[in-house]
Every structure is written in structure tokens, then in C-alpha cells.
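Please open the structure in the viewer and keep the sequence beside it.

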Amino acid sequence: MKDINKTKEQLITELAALRRQNAELKKAGSEHQQEKESDQQALLEIEKRYERLLSAESRLIQDEKMASLGVLSAGVAHEIKNPLAIILQGIELLEISLLKEDVGDVLAMMKDAVFRASKITKDLLTFSRESAPALEEIDLAMVIDETLSFVDHIFSLKQIRIARDFSHGLPMVKVDPNQMKQVFINLLTNAAEAMPEGGAITIAAESAKNIHNRKIVRIVITDTGHGISDEDKQRIFDPFYTTRKKSGGTGLGLSVVKGIIQKHKGDIKIENKPGGGTGVIIELPCHVNEIKEGVAE
Amino acid sequence: MQEKHLKKILLVDDETNFCTLLKLNLEKRGPFEVLTTTNPNDVMKLAKENKPDLILLDILMPEMDGMTVAAALKGNKDTKDIVIAFLTALANEEDVRDMKGIAGDNFIFSKLGTTEELMISISRILI
């Protein structure tokens with residue numbers, strides 16, 4: 001972190017000096033045209049480096065937070081699960097001792113609550129786990145197709161149609177296929193939850209360039225559900241923020257998804273589609289160097 | 001006569017209430033006789049005296065962790081053949097997979113499964 005701050009200060013100084021020089025050159029007139037162009041080029045380069053440094057710094061801060069959260073949640077998970085295990089054993093004992101129907105319902109509800117609390121600790125651990133992606137060079141379309149084969153049957157029962165729209169010749173990407181499947185299952189399940197009466201999900205993938213002019217694969221998952229409110233859009237990736245409390249959402253699914261995409265040095269955003277429904281846009285870099293180098297670039 | 005068919009289990013967990021309740025659940029539901037202790041230092045003595053068919057061992061205990069207890073049992077000629085299964089409150093499948101290396105030939109069960117599930121797992125290894 002110290003090194004980053006030092007480099008940041010250096011870059012800020014260089015940037016200011018070049019800006020000054022550039023302004024002076026502008027004044028000096030056209031005979032300096034050539035120098036001016038080369039300085040402008042340098043200025044652009046430094047600005048680009050500065051932006052990358054800022055993004056690396058924010059990733060580092062995030063990584064530090066995640067590391068602390070990991071330690072904390074492992075401790076919390078253990079401390080909570082032990083009393084939960086006692087409650088579960090107590091309920092199970094009562095189940096065989098008390099047979100009255102009304103009490104049976106109460107016990108079932110209590111047991112359900114135990115499993116729910118246990119699931120939260122499990123999700124919290126998954127969310128905070130410091131697992132680096134096990135990268136493989138892979139055709140993303142294949143990963144998506146495998147994921148679709150898991151959910152296809154369930155979705156057809158819920159009257160949800162899935163359409164895939166992959167552009168021809170998608171470049172290979174270096175991703176962790178299991179983590180990516182987790183991402184797509186989460187997103188597809190969310191899309192399905194947004195359409196209780198049924199509807200359509202489109203999953204599209206194309207080769208593109210991001211704002212830094214780097215080659216990426218862009219995946220867009222759209223549904224025909226009720227869309228997303230501005231408040232939800234702001235907070236949807238926050239841990240424990242859920243719009244599905246009643247149906248058992250823990251508010252960690254999308255946080256996990258965002259964490260995985262960030263570990264792949266990709267981007268994810270969510271937006272309303274003009275005709276209704278929500279679109280989730282994922283951008284993944286195509287080259288492993290861009291994933292591995294990150295800060296060092 | 002019936003007592004002969006009972007499988008003897010030694011349950012080791014620092015939570016007294018967990019021991020009491022799991023003992024009752026197992027004994028009421030299946031052919032088990034469950035001895036319990038909350039003190040890992042007593043395990044060796046109890047194991048030698050009672051020759052259990054299975055020792056269910058909590059992993060994280062304040063006085064001594066379950067892995068150390070298991071290593072001591074496996075290192076002693078009188079107790080080395082007793083089947084050991086760790087009981088863990090750790091949260092997910094991945095943890096259990098990660099711990100397979102540490103657990104060696106021993107089994108690992110989740111503390112937050114139902115008694116039915118635990119009984120199925122126990123039956124599988126004892127029958």
C-alpha cells in the first residue's frame with residue numbers, strides 16, 4: 001500500500017508538471033507543434049497510468065476489507081453454528097417426544113429457522129472466502145451452455161423460456177469455469193425470481209472492446225420481469241441487501257457474483273431495459289496477462 | 001441380550017448441551033449406546049475402558065483440538081483400531097473437502113445435519 005501511495009504521488013507530480021508544460025507550449029505557438037504533440041501523448045499515457053493506479057488502489061482496499069471479513073466470518077460462522085446445532089438437536093428430540101399436530105408445525109418452523117440461519121453463515125463464508133480463480137482457457141459459450149443445462153428443466157416448469165444469442169467466433173477467455181457457473185446460476189435464478197408469472201430470459205455473448213480499448217467478452221442477461229428500482233440498483237451488490245427476504249434471499253448472491261467478476265478483473269453492472277425487465281452486463285478480459293498483471297501494469 | 005446389539009459411541013464435544021441432546025436423540029432413534037465427555041483429556045482413558053465402536057470427535061475444542069486427540073488415539077495400540085469421525089460446525093462442503101487431507105482416514109460429519117442423516121452416515125461405517 002505504501003508503494004502504491006508513493007507511485008501515486010509521483011504520478012500526480014508528473015501529471016501536474018506535464019500539464020504546466022503543455023500549457024506553456026500552447027502559449028509558445030506553432031513552432032513547438034511537434035514537441036507539443038509528443039508531450040500530449042505523454043500526458044495521455046500518464047493520465048491512463050494514473051487511472052489504472054487508482055483502480056488498483058481501490059481493489060487493494062477492497063481486498064484488505066475482504067481479508068478481515070474472511071477472518072471475522074469464519075469465527076462468526078463457527079460460533080453461531082454450535083448453538084444452532086444445539087437448538088436443532090433440541091427440536092429433533094422434541095419431535096419424537098411430542099406428537100401433537102399443532103406442536104409439530106411449530107417444531108417444523110423452528111427447524112426451518114435453524115437451517116435458514118445456518119445458510120446465512122454458509123453464504124457469508126462463501127462471500128468472504130479468499131479463493132483465487134483457478135483459470136483455464138475456455139470457450140465461455142460452453143460454460144454458459146453447461147449452466148443452462150442445469151437450470152433448463154426447472155425453468156421450463158416455471159414457464160420461463162431461455163434464449164441464447166452468442167455471436168459467431170467468440171474469443172477464448174481465461175476464467176475459473178466453476179466460479180463462472182456460480183455467477184450464471186445466481187444471475188439466472190435472480191432473473192427467474194423477477195418473473196413469478198413466467199417470461200423470457202435472453203443470454204447474449206459478444207466480442208467487444210471496453211472503455212480502455214481492451215478486447216473483452218461481453219455477456220448480457222436480460223429478463224422480462226418488473227425491472228429494478230433506483231434504490232435497489234444502488235445497493236443491489238451490497239452484502240445482505242436483498243429484495244427477496246420473504247422467499248429466503250440472504251442478500252449475498254449478487255455480492256458473491258460481483259466478487260468473482262472482480263477477481264477475474266472484469267466488470268458487472270445492472271440496468272433497466274427500455275421495454276421493461278432488467279439487464280445484467282458482464283465484461284471479462286480476453287487475455288490472461290490482463291488478469292494476472294493487474295497492479296503491475 | 002438386546003444390549004449386545006447396541007453400537008457403542010463415544011461422543012466428545014466441549015458443549016455439554018450438545019452432548020446431552022445428541023446422546024438422547026441417537027439412543028432414542030437407533031441401536032446406540034452413547035457415552036459423552038466434554039473433556040478431550042479424558043478420551044484416551046474412556047476409549048481404553050469402554051472400547052467404543054466409534055468415537056465422534058468435535059474438532060475445535062478449547063483444551064485440545066480433535067485432530068490431536070485423533071492422532072493420540074491412532075498412535076496407541078489399544079485404541080488405534082477404533083473408528084473416528086469428526087463432527088464439525090464449519091460451514092460448508094468445501095470446508096469438509098479441505099479438511100479431508102487433515103482428517104486422513106477418518107470421517108467427517110456436519111453438526112448441522114439432521115439426526116437421521118447422522119445415523120445413516122454412522123450406519124454406513126459401522127455395518
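**First stop: two loops of chain A**

Select Gln159(A), which lies in the loop between helix 4 (140-157) and strand 2 of chain A. The model is a predicted one. The phi angle of Gln159(A) is near 60°, a positive value in a residue other than glycine. Most residues other than glycine have a negative phi. Is Gln159(A) buried or exposed? Gln159(A) is exposed, because 12 other C-beta atoms lie within 10 Å, and a residue counts as exposed at 12 or fewer.

Next, select Lys265(A), in the loop between helix 7 and strand 6 of chain A. Lys265(A) is not a glycine, yet its phi is positive, at about 60°. Lys265(A) counts as buried, because it has 20 C-beta neighbours inside 10 Å, and the cut-off for a buried residue is 20 or more.

**Second stop: Leu140(A)**

Return to helix 4 of chain A and select Leu140(A), which lies in that helix. Leu140(A) is buried, with 22 other C-beta atoms within 10 Å. Which residues is Leu140(A) in contact with, leaving aside its neighbours within four places in sequence? They are Leu170(A), Val173(A), Val175(A), Ala205(A) and Val217(A).

Show chain A as a cartoon and find its open sheet of 5 strands, in the order 2-4-5-7-6. The pairing in this sheet is mixed. Strands of a sheet pair through backbone hydrogen bonds, either parallel or antiparallel. Which strands stand at the edges? They are strand 2 (160-166) and strand 6 (267-272) of chain A; each has a single partner strand, so one side of each is left without a neighbour in the sheet. On average, and with direction ignored, neighbouring strands of this sheet are turned by 15° against each other.

Select strand 6 of chain A together with strand 7 (residues 278-285) of chain A; the two pair in the antiparallel sense over 6 bridges. Within strand 7 of chain A, Thr278(A) is the bridge partner of Asn272(A), and Gly279(A) stands opposite Glu271(A). The two strands form a hairpin with 5 residues between them, and Gly276(A) in the turn has a positive phi of about 100°.

Select helix 5 of chain A, which lies across strand 2, strand 4 (199-209), strand 5 (215-223) and strand 7 of chain A. Helix 5 of chain A runs at about 25° to strand 5 of chain A.

Among the residues that make the contact are Gln182(A), Val183(A) and Leu187(A) of helix 5 of chain A, and Val256(A), Val257(A) and Ile260(A) of helix 7 of chain A. The contact residues divide into 7 nonpolar, 5 polar and no charged. The crossing of these two helices is left-handed.

Move to chain B and select its open sheet, in which 5 strands take the order 2-1-3-4-5 with parallel pairing. Strand 2 (32-37) and strand 5 (107-110) of chain B are at the edges with a single partner strand each, so one side of each has no neighbour in the sheet. Neighbouring strands here are turned by 25° against each other on average, direction ignored.

Select strand 3 (residues 54-58) and strand 4 (residues 83-88) of chain B, which run parallel and are joined by 5 bridges. Leu54(B) has Val83(B) in strand 4 of chain B as its bridge partner.

Helix 3 (residues 66-74) of chain B lies across strand 1 (7-12), strand 3 and strand 4 of chain B, at about 150° to strand 3 of chain B. Helix 5 (residues 115-126) of chain B lies across strand 1, strand 3, strand 4 and strand 5 of chain B, at about 165° to strand 5 of chain B.

**Last stop: confidence**

Colour chain A by pLDDT: its mean is 79, and 80% of its residues reach 70 or more. Finally, select residues 288-297 of chain A, over which pLDDT stays under 50.

Definitions and conventions: Residues numbered from 1 in each chain as written. Chains lettered and ligands numbered in written order. Predicted model: local features only at pLDDT ≥ 70, side-chain atom pairs only at ≥ 80, totals over all residues. Left-handed = near helix turned anticlockwise from the far one by under 90°. Helix = DSSP H or I, 4+ residues; strand = E, 2+ residues; numbered from the N terminus. Contact = placed C-beta atoms within 7 Å. Nonpolar A, V, L, I, M, F, W, Y, C, P; charged D, E, K, R; others polar. pLDDT = per-residue confidence, 0-100. Pairing = 2+ DSSP bridges. Axes fitted to C-alpha atoms, helices over the stretch in contact; angles between N-to-C directions.
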